[in-house]
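Q: Could we look at this model together, starting with a pair of residues?

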Amino acid sequence: MIRINDTVFDQGYFRNAADRIASDAQFDKRAGDRFAVCFSQAQDWLAFFFAARAAGVSVLPLHPSTPYAAARRQAETAKCNWLFYNRLEGELISGERADATGQLLQMSSGTTGEPKCIARSWGDIDDEIESYVSSFVEPRDMTPLIACPTTHSYGLICGILVALKRGQTPAILDTGNPKFLLRTLRETERPNLISSPAILHTLARLLPAGEQIHATMTSGTLLPESWFRQIRNKSRHMFQQYGCSEAGCIAINPDVQAANEVGYVLPRFSLRDAGTDGDPKEIVVKRGDMVVETRDLGYRRDDGMLVFLSRLDDLINVSGLNVYPKEVEDVVMTFGGIGDAVVFRKQDAFAGERVALLFSAEHAIDRAQLRQWCAERLAAHQMPTEILQVERIPRQANGKISRRDVAARYDVGEFGAVRTEAA
């Protein structure tokens, strides 16, 4: 069974819906085809997913808010043969078959470049679920509440499929309404809220003093330090997982005490070079003949904990000195009133690269005071040389920030500044 908001859908519902979809989509005749799927209702998407998985065909899930033109474009990029867009009559995209076996297709987030299609076999997905359940036992007696897109692997695999493997009834909260989320949390016995950093932060701020969420799970991007402290204080248990589109979940932290402690590597993987605190390395995982270079910089401590430092593509090199954007963001977000921030690189004729900053706040911030605050807490090469207050920091549906996208939009003057008292 799966609960979506206040409605429970039993096995019979999904079995009948999946049989109808398999017949209408002619999976038996299109075994080598790729199917792009975009439905506004979660139960429709999940019925299609279960049908595709059972038939062993390849499926590309698209976020339910995706406009038709964008959905067709992503279907073409992923070399899909069919697009099912809010109806059970497929639109032919291409007659060329790409797969011999069924796969789960995902578009990478594009945080460091153009999104690309990642294909993982159903067998690999099954192995990930087995490894996840056997290694991460803490939530086995908790109720999974999934408040993130089920078309993304985080909500789909680590939320729904892991819960079903454990014999639990996953509850999908298909809304971003904080009042509904809080009500559901309070009505649920031992809830484990699987969500994005932004939603967890919002709920932590709304919870009254003395009230906590039984358990929270985060993934996708490192929490800013101020967000982490708020969420950690409002969570009896806090979990974090780390992974990438190519490999799935790589590591899980069953008791998060610091935002950058992303977890213990699942036994199905090994690290090529673990690195050390003084000599961090790119996180590269191996499984059999598969090698995945994550483009993330980190190291493994002696106790086995994997520590994340930065995306390699996000590092800013100022006159030969490395700047980790999160270190600057954490300092900026300790300034009173600032709620969100993103640091990114700007090209500079003299230093090669410089630090630029966008931030949002509850009220207008005096930039001179903010610069002074940073100067007292950051090295000279870490200091932002360009600072702009905006209404909102642009985040993707999964909560991630694309620094590359922010830099490009900043360069063309897309962000409108909030009027401040001083420049």
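**Strands and helices**

Q: Which residue is the bridge partner of Ala341 in S23?
A: Phe359 in S23 is the bridge partner of Ala341. Strands (E, at least two residues) and helices (H or I, at least four) are DSSP runs numbered from the N terminus.

Q: And what kind of model is it?
A: The model is predicted, with local features needing pLDDT of at least 70 and side-chain atom pairs 80 or more, while totals for chains, interfaces and linings use all residues. Residues are numbered from 1 along each chain as its sequence is written, and side-chain values use heavy atoms, without hydrogens or water.

Q: In which sense do S22 and S23 pair?
A: They pair in the antiparallel sense, over 10 bridges; pairing requires at least two DSSP bridges between two strands.

Q: What is the strand order of the sheet?
A: The open sheet of 3 strands runs S22-S23-S24, with mixed pairing. S22 and S24 (384-389) are the edge strands, each pairing on one side only. From one strand to the next, the twist averages 25°.

Q: Which helix lies across those strands?
A: Helix H9 (residues 325-332) lies across S22, S23 and S24, at about 140° to S22.

Q: Changing topic, how do H6 and H7 cross?
A: The axes of H6 (residues 178-187) and H7 come within 10 Å and cross at roughly 75°. H6 is therefore roughly perpendicular to H7 (65 to 115 degrees; under 35 is roughly parallel, over 145 roughly antiparallel, the rest oblique). Axes are fitted to C-alpha atoms, for helices over the stretch in contact, and angles between N-to-C directions run from 0 to 180 degrees.

Q: Which residues meet there?
A: Pro178, Leu181, Leu182 and Leu185 in H6 meet Ile199, Thr202, Leu203 and Leu206 in H7, contact being heavy atoms within 4.5 Å.
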